[in-house]
Amino acid sequence: DYLGATFVFVTLDSRELELEYWLDAQDGPRGLLHTLGVEYGLTNHWMADVSARWLQRSGGPFAFSQGFLELRHRFGEEGRYFVDPAVSLEFEIRRDPEGGTHRLLEPRVVLSRDFDGWNATVNLFYVIVIGGRGRSAFEGAAGLRSPAFGHWSAGVELRREVALESESVVIPQVWYRLSPEAYLKAGGGRNFAGEKNSFLRVACEIEF
């Protein structure tokens, strides 16, 4: 998956476990955002993901920011169709800087394709606002990743969100493969809508 959580077709194999840690330096609100995640392959086509984020304002304590529970399914094997399809369902709890709590349900369709070492993916999702302010709305994301150059690859990600706040985010990124089971990813995002905030992100993913 891409650095900004845009999904690809591939899921973890059965009983495969992946641990993730992301660190964001952001300016809206200013501070460090820590994310811990666990992904697990339920079968060769089903996987689950549980993750949570804590915001650490400059010099301050950690405060819960977001929590996610996601279930994802891919249809068949890669290359069976011209575009490889998958679906997911995510439940999210989000706390805003003013202390309000929002509960969201997000069904998603993933359309992904690998070609000559490149990957292109489009995610189409409908965000259902269950509690808190905001309105249910269609949102989307897309990513393009280059072939590997040795241990390195690069990509760019685009995201459009409107349910809780207006965001149009561009995220250029680089990936470094530490080993066949581990990746280090880094990039930055800039929001060109709403508050026009930005962030830098480093992520480490290890499979077992």
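# Briefing: pocket, core and charged pairs of a predicted model

Glu-205 is buried, with 9% relative accessible area; here buried means under 20% relative accessible area, exposed over 50%, and partly exposed in between (1.4 Å probe, protein chains only). This is a predicted model, in which local features need pLDDT of at least 70, side-chain atom pairs count only at pLDDT 80 or more, and totals for chains, interfaces and linings use all residues. Residues are numbered from 1 along each chain as its sequence is written, and side-chain values use heavy atoms, with hydrogens and water left out. Helices (H or I, at least four residues) and strands (E, at least two) are DSSP runs, numbered from the N terminus.

**Salt bridges**

- A salt bridge is a side-chain nitrogen of Lys or Arg within 4 Å of a carboxyl oxygen of Asp or Glu, and by this rule there are 8 salt bridges.
- Glu-205 forms one of them with Lys-185, and the closest N and O atoms of this pair are 3.1 Å apart.
- Because Lys-185 lies in strand E11 and Glu-205 in strand E12, the pair ties together parts that are 20 residues apart in sequence.
- Lys-185 is buried, with a relative accessible area of 1%.
- Arg-108 pairs with Glu-106 in a salt bridge whose closest N and O atoms are 2.5 Å apart. Arg-108 counts as buried at 5% relative accessibility, and Glu-106 is buried as well, at 9%.
- Another salt bridge joins Arg-159 and Glu-161, with 3.1 Å between the closest N and O atoms. Arg-159 counts as buried at 14% relative accessibility, and Glu-161 counts as buried at 15%.
- Salt bridges also link Asp-1, Glu-70 and Arg-72 in a network.

**The largest nonpolar core**

- A nonpolar core is a set of buried Ala, Val, Leu, Ile, Met, Phe, Trp, Tyr and Cys residues joined through side-chain atoms within 4.5 Å.
- The largest such core has 8 residues: Leu-104, Phe-125, Val-127, Val-129, Ala-137, Ala-141, Ala-163 and Leu-164.
- Strands E7 and E8 (137-145) each supply at least two residues of this core, and E7 gives the largest share, 3 residues.
- In soluble globular proteins, nonpolar side chains tend to be buried together.
- Contact means heavy atoms within 4.5 Å. Ala-163, a member of the core, touches Val-127, Val-129, Gly-134, Arg-135, Ala-137 and Glu-139, not counting residues up to four places away in sequence.

**The second largest pocket**

- On a 1 Å grid over the protein atoms alone, a pocket is an open set of points where a 1.4 Å probe fits, with protein on both sides within 12 Å along at least five of seven lines; lining residues have an atom within 4 Å of a point.
- The second largest pocket has a volume of about 790 Å³. Grid points are joined across faces, edges and corners, and a volume is the space filled by probe spheres set on the points.
- The lining of this pocket has 38 residues, and Asp-1, Val-10, Arg-145, Trp-175 and Tyr-183 lie nearest the centre.
- By class, the lining residues are 13 nonpolar, 8 polar and 17 charged. Nonpolar covers Ala, Val, Leu, Ile, Met, Phe, Trp, Tyr, Cys and Pro; charged covers Asp, Glu, Lys and Arg; the others, Gly among them, are polar.
- Among the strands that each supply at least two lining residues are E1 (17-27), E7 (118-131), E9 (152-161) and E10 (167-179).

- Leu-111 is located in strand E6 (residues 101-115) and counts as partly exposed at 36% relative accessibility.
- Apart from neighbours within four places in sequence, Leu-111 is in contact with Val-83, Asp-84, Pro-85, Ala-120, Thr-121 and Val-122.
- Phe-199 belongs to strand E12 and is buried, with a relative accessible area of 18%.

**Positive phi angles**

- Ala-5 is not a glycine, yet has a positive phi of about 70°. Ala-5 lies in the segment before E1 and is partly exposed, with a relative accessible area of 23%.
- Lys-196, also not a glycine, has a positive phi of about 55°. Lys-196 is placed in the loop between E11 and E12 and counts as partly exposed at 44% relative accessibility.
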